[in-house]
Amino acid sequence: MFIVVTGISTFLMSMAYKNVKYHLKHKIAQKRHAGVTVEVMQMLADASNDKKKAVKKEKDDRILFKKTEVADLEATHFSIFYNNALFLFLTIILSFYILKNFSGLVNYLGSSVTSACIVAFLSTGSN
């Protein structure tokens, strides 16, 4: 029973990670555009002292790649932090306050699966 509950909770949490990351990635990319552009242009300026000037398309491609990389990394980190914090909070509230009078198995099953369901449900909303 513990393996099944853990598997269900893991599946729901991974779905929540993916959903939150998807919603945040574009927003973070827009906010980090200026900083990433300055950083990439500085790197290209340092590298192009010996070489000829970089083509505009190459600069844009490098900026886009770096911006996507930074946004993906930040969205992943925030998604993991946010979902884990919410899951832990809900699990503690459910297990210690709402389901405290039930047996250990029912308490574990109810608090784990319900917390994971709530986190997965909240991750589907768009902000």
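In which helix is the place of Val119?

Analyst: Val119 has its place in helix α3. Helices here are DSSP runs of H or I with at least four residues, strands are runs of E with at least two, and both are numbered from the N terminus.

A word on the basis of what follows. This is a predicted model, in which local features need pLDDT of at least 70, side-chain atom pairs count only at pLDDT 80 or more, and totals for chains, interfaces and linings use all residues. Residues are numbered from 1 along each chain as its sequence is written, and side-chain values use heavy atoms, with hydrogens and water left out.

Start with burial. Val119 counts as buried because its relative accessibility is 1%. Buried means under 20% relative accessible area, exposed means over 50%, and partly exposed lies in between, with a 1.4 Å probe and protein chains only.

Next, the partners. Leaving aside neighbours within four places in sequence, Val119 is in contact with Met13, Ala16, Asn83, Leu86, Phe87 and Leu90. Contact means heavy atoms within 4.5 Å. Met13 is 106 residues away from Val119 in sequence, yet the two C-alpha atoms are 7.1 Å apart in space. Not counting residues up to four places away in sequence, Leu90 touches Ser115, Ile118 and Val119.

Val119 also belongs to the largest nonpolar core. A nonpolar core is a set of buried Ala, Val, Leu, Ile, Met, Phe, Trp, Tyr and Cys residues joined through side-chain atoms within 4.5 Å. This core has eight residues: Leu12, Met13, Ala16, Leu86, Leu90, Ala116, Val119 and Ala120. In soluble globular proteins, nonpolar side chains tend to be buried together.

Now move along helix α3 to Ser112. Ser112 is buried, with a relative accessible area of 9%. Its contacts, leaving aside neighbours within four places in sequence, are Val5, Ser9 and Phe87. Phe87 is also on the contact list of Val119. Thr6 sits in helix α1. Thr6 and Ser112 are 106 residues apart in sequence, and their C-alpha atoms are 7.8 Å apart in space. Thr6 counts as partly exposed, at 39% relative accessibility.

Two other positions give a contrast. Phe81 has its place in helix α2. It is exposed, with a relative accessible area of 58%. Ala34 lies in helix α1. Ala34 counts as exposed at 53% relative accessibility. Ala34 and Leu73 are 39 residues apart in sequence and 17 Å apart in space, C-alpha to C-alpha.

Finally, the whole protein. It has three helices and zero strands. From the N terminus on, the elements run α-α-α. The radius of gyration is 22 Å, well over the 14 Å that the globule rule gives for 127 residues, so the protein is more spread out than a compact globule. That radius is taken over C-alpha atoms, and the rule is 2.2 Å times the number of residues to the power 0.38. Along its principal axes, the C-alpha trace spans about 75 × 25 × 20 Å. Of the 127 residues, 28% count as buried. Among contacts with a separation of 6 or more, 82% come from residues 24 or more positions apart.
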